[in-house]
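Biologist: I have not looked at this one before. Can you put it up and take me through it?

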Amino acid sequence: MDNQYLIDAKEMSARELSQKHKIETDPNARIDHMKYLPGMDIIESDVCDKVMAQMESYDYETYTAADVRRALSKSRIEIEDFKALLSPAAEPFLEQMAQKAKAETGKHFGNTVYVFTPLYIANYCDNYCVYCGFNCYNKIKRLKLTAQQIEHEMQVIADSGIEEILILAGESPTMSDVSYIGEACKIATKYFRMVGIEIYPVNVKDYEYLHECGVDYVTVFQETYDHNRYEKLHLMGNKRIWPYRFHAQERALMGGMRGVGFSALLGLSDFRKDALASALHVHYLQKKYPHAEMSLSCPRLRPIINNESIKPLDVGERQLCQVLCAYRLFLPYCGITVSSRETAAFRNGIVKIAGTKVSAGVSTGIGDHEQTYTGRCSEEAGDEQFEIADGRSLDTMYLELSKEGLQPVLNDYVQV
């Protein structure tokens, strides 16, 4: 078990403490993380097998400087070239990678940067993921917004000028069921031109319903594609089922969604293999669903309430920049979102090279956007999922991006 991630248990009851200890120390107390639970859709797809075969065979230590130079000389990057660009051998070539990535970004996206904001509507969670501030054993202030509170939060956000929203909730189908999330999405369509969700994975029919409620885009973090490592970090709840999570984006596309987003949480496992798998997940699904819009993000671990020591394993800013540049060169048309987990300086720099989308006016707490946007404290708010590193408002971010010679864009399509 990863002691660096475990939550301080001093405020738990004796019963909770006993349950937590048992599930942490006794693998037999956990359900099989590779076996679907009753009611979970099983779809016919070969994408997982393709991704995992490439990831498991990837030995990045075997790549050389010559492999990197060969990759950089090509106009079209293939899978083997991408592997070379993710390898340690590519680290001395970061400047060349950045220059080539910047040219690709400019070719396909110009100097535009899309801006959105996330809205967390509940922080109840049924899962025990040891690195997450929302996990069911973490003693935090829980809150589920009412429809009236959701509408108020959205009014505050929309008044700032934001036109795209990402709705998030803790992974609790019991406290935040699909109908509750759907109602929030219906409200969102009154205020925003684009509505995305980042929620627990659901079945195809549920994605169809959410699409009918106004959802355009579904993002799911796989967290780590290493299912053995995944088992040690996700100890309880539906999220523990690795393959059901893997196929979430494909089920969303089958449910009619316009686009899907992908990510590993870099620092949970071997970041080079996770980066490879994330991009290949996009690559193979894009071939299967060529009409769909797809995007990548690359968040790193951040401190959480009751555990300030959480940090990514061996993923510094240079390594993160390498991953982002490699993503751009391998997937030139793919959107790349740069999280508020990163500093303002890093985000300002990387959007000039490879990133195409950033969040502004971010809060990972529940019901506190009024304070974030206006400075007025809400009477009630729920605790945050993790600490952010860049809390700039839309106005500040818009100004700073403009000064960098970039064009912030609040909406990139028109509904008809």
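Modeller: One term before we start: a residue is called buried when its relative accessible area is under 20%. Arg245 is at 4% relative accessibility, so Arg245 counts as buried. Keep in mind that this is a predicted model.

Biologist: Where is Arg245, then?

Modeller: Arg245 sits in helix H10, which covers residues 242–246.

Biologist: Which residues is Arg245 in contact with, leaving aside neighbours within four places in sequence?

Modeller: Arg245 is in contact with Glu171, Pro201, Val220, Phe221, Gln222, Glu223, Tyr230 and Lys239.

Biologist: And how far is Arg245 from Glu183 in space?

Modeller: The C-alpha atoms of Arg245 and Glu183 are 23 Å apart, and the two residues are 62 apart in sequence.

Biologist: Glu223 was one of those contacts. Which strand is Glu223 in?

Modeller: Glu223 belongs to strand E5, residues 217–223. Its relative accessibility is 6%, so Glu223 counts as buried. The phi angle of Glu223 is near 75 degrees, a positive value in a residue other than glycine.

Biologist: Let's step back. How many helices and strands does the protein chain have?

Modeller: There are 16 helices and 11 strands in the protein chain. Its radius of gyration is 21 Å, close to the 22 Å from the globule rule for 416 residues, so the chain is as compact as a globular protein of that length. The C-alpha trace spans about 60 × 50 × 40 Å along its principal axes.

Biologist: What share of the residues count as buried?

Modeller: Of the 416 residues, 60% count as buried. The accessible surface of the chain is about 16,800 Å², and 49% of that belongs to carbon and sulfur atoms.

Biologist: What about contacts along the chain?

Modeller: Among contacts with a separation of 6 or more, 76% are between residues 24 or more positions apart.

Biologist: How many positive and negative side chains are there?

Modeller: The chain has 46 positive and 58 negative side chains, and the centres of the two sets lie 3 Å apart.

Biologist: Now helix H3. Which residues of H3 are buried?

Modeller: In H3, residues 65–72, the buried ones are Asp67, Val68, Ala71 and Leu72. They cover an arc of only 130 degrees around the axis, so they are on the same side of H3.

Biologist: What do the buried residues of H3 pack against?

Modeller: They pack against helix H4 (79–86), helix H5 (94–109) and helix H13 (317–330).

Biologist: And the loop between H4 and H5, is Ala89 there buried or exposed?

Modeller: Ala89, in the loop between H4 and H5, is buried, with a relative accessible area of 17%. Ala89 touches Tyr63, Thr64, Ala65 and Val68, not counting residues up to four places away in sequence. The C-alpha atoms of Ala89 and Lys273 are separated by 15 Å, although these residues are 184 apart along the chain.

Biologist: Last one. Where is Tyr120?

Modeller: Tyr120 lies in strand E1, residues 112–120. Tyr120 has 5% relative accessibility and counts as buried. Lys107 is 13 residues away from Tyr120 along the chain, with their C-alpha atoms 34 Å apart.

Technical notes
Residues numbered from 1 in each chain as written. Predicted model: local features only at pLDDT ≥ 70, side-chain atom pairs only at ≥ 80, totals over all residues. Heavy atoms only, no water. Helix = DSSP H or I, 4+ residues; strand = E, 2+ residues; numbered from the N terminus. Rg over C-alpha atoms; globule rule 2.2 N^0.38 Å. Buried < 20%, exposed > 50% of the residue type's maximum accessible area, 1.4 Å probe, protein only. Contact = heavy atoms within 4.5 Å. Areas by Shrake-Rupley, 256 points an atom, 1.4 Å probe, with all protein chains shown as cover. Lys, Arg positive; Asp, Glu negative; His and termini not counted. Charge placed at Lys NZ, Arg CZ, Asp CG, Glu CD. Arc of directions from axis to C-beta.
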